[in-house]
Amino acid sequence: SMDTHIVLVYCLCDDLLKWQHHRNDSQCMLSDAEIMTIAIVAAMYFHGNQAMARLFLREQGYIKHTISRSRFCRRLAKVRHQFLTLFNLLGEVAKAQNADNIYIIDSLPIAVCDNYRIRRCKLYRDEAYRGYQASKRRYFYGLKIHLVVTKTGQPVEFFLSPGAFSDTAALDQFDFDLPPEAWIVGDKAYNVYLIEDIMADCDLFLLPLRKDNSKRPHPGWLRYLLATYRKTVETAGSQIERLLPKHIHAVTADGFELKTMLFVLASSIFAIFDQ
């Protein structure tokens, strides 16, 4: 339930900060754990609307005090690195529980504005942010989330890039901090033989779907398995898309990227709660 999820999110944030021996300023009305909880709950249940999440948690008695919007934004900026730490810790748990050692790689477009408003966009001003979404045959202007998820759809690694950044080029940017002999399944965009060979030397097996004219065709049984696993990433992508609003409100590029990161973290938390 929502009540249980909110309490568990606060416990995750509070335990993380205690583990790091983090200290709050004695004059603060809200602890940093409460600030983190507001931001994560906003991504989970309020489409990223942090003002609404802050008001809801105050009225329902989850937090005793409230602070101004500007003060909240400043406090949030100071703990933004903690969200990535929390995501990485949850990812380690997911990898430990992923007994099949199968992972799926994919990307998801995040539009910063509608195409007809590109000229007036103030957050980004570059053609590098104009990307193409082949599955829907349309262009978008914004960022891409590049994801590695478990077989059950829980994100374990991600990074953001400009929209025009190709999935093929993204292979160089992933850490691939995965257990030995892991299978990494992707679509046809990830066919880079050199990277496959380098990863194989590190006991990691990159297994993208092959093109029809591939020089390294997969056997029939493997093509069937990869096509089955490939559908799993749509679960993670659909979870993030359900959390996203029609338009992510942000004043700065850093704020837009922070909210995008929070949606990925919220998806990871939901995946753990659903298990």
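Residues are numbered from 1 along each chain as its sequence is written, and side-chain values use heavy atoms, with hydrogens and water left out. Because the model is predicted, local features need pLDDT of at least 70 and side-chain atom pairs count only at pLDDT 80 or more, whereas totals for chains, interfaces and linings use all residues.

A nonpolar core is taken here as a set of buried Ala, Val, Leu, Ile, Met, Phe, Trp, Tyr and Cys residues joined through side-chain atoms within 4.5 Å. Buried means under 20% relative accessible area, exposed over 50%, and partly exposed in between, with a 1.4 Å probe and protein chains only. The largest nonpolar core has 64 residues, of which I40, F83 and L265 touch the most other members. Contact means heavy atoms within 4.5 Å, and on that basis F83 meets M36, A39, I40, L76, L258, M261, L262 and L265, leaving aside neighbours within four places in sequence. A second, separate core of 19 residues includes A170, F174, F176 and A182.

Helices (H or I, at least four residues) and strands (E, at least two) are DSSP runs numbered from the N terminus, and V148 sits in strand 3, residues 138-150. With a relative accessible area of 0%, V148 is buried. From V148 to D254 the separation is 106 residues in sequence and 23 Å in space, C-alpha to C-alpha.

Q154 and P155 are also touched by S268, along with F87 and L90, when residues up to four places away in sequence are not counted. S268 belongs to helix 10, residues 253-274, and is buried at a relative accessible area of 0%.

Helix 10 also packs against helix 2. Two packed helices are described by the angle between their axes and the distance between the axes. Here the axes of helix 2 (residues 32-45) and helix 10 come within 9 Å and cross at roughly 80°; axes are lines fitted to C-alpha atoms, for helices over the stretch in contact, and angles run from 0 to 180 degrees between N-to-C directions. Helix 2 and helix 10 are therefore roughly perpendicular, given that angles under 35 degrees count as roughly parallel, over 145 as roughly antiparallel, 65 to 115 as roughly perpendicular and the rest as oblique. Helix 2 contributes A39, I40, A43, M44 and Y45 to the contact, and helix 10 contributes L262, F263, L265, A266, I269, F270 and F273. By class, this contact has 12 nonpolar, no polar and no charged residues. Ala, Val, Leu, Ile, Met, Phe, Trp, Tyr, Cys and Pro count as nonpolar, Asp, Glu, Lys and Arg as charged, and the others, Gly among them, as polar.

Turning to charged pairs, the structure holds 8 salt bridges, each a side-chain nitrogen of Lys or Arg within 4 Å of a carboxyl oxygen of Asp or Glu. In one of them, K151 pairs with D100, with the closest N and O atoms 2.9 Å apart. K151 lies in the loop between strand 3 and strand 4 (155-162) and D100 in the loop between helix 5 (80-97) and strand 1 (102-113), so the bridge ties together parts 51 residues apart in sequence. K151 is partly exposed at 29% relative accessibility, as is D100 at 47%.

R210 and E196 meet at 2.7 Å, N to O, linking the loop between strand 6 (204-208) and helix 8 (220-230) to helix 7 (residues 193-201) across 14 residues. R210 is buried at 12%, and E196 is buried at 8%. D197 and R216 meet at 3.0 Å, N to O; D197 lies in helix 7 and R216 in the loop between strand 6 and helix 8, so this pair joins parts 19 residues apart in sequence. D197 is partly exposed at 36%, and R216 is partly exposed at 31%.

Finally, two backbone details deserve a look. N101 has a positive phi of about 60° although it is not a glycine. N101 is in the loop between helix 5 and strand 1 and is buried at 14% relative accessibility. R137, also a residue other than glycine, has a positive phi near 55°. R137 lies in the loop between strand 2 (130-133) and strand 3, and is exposed at 74% relative accessibility.
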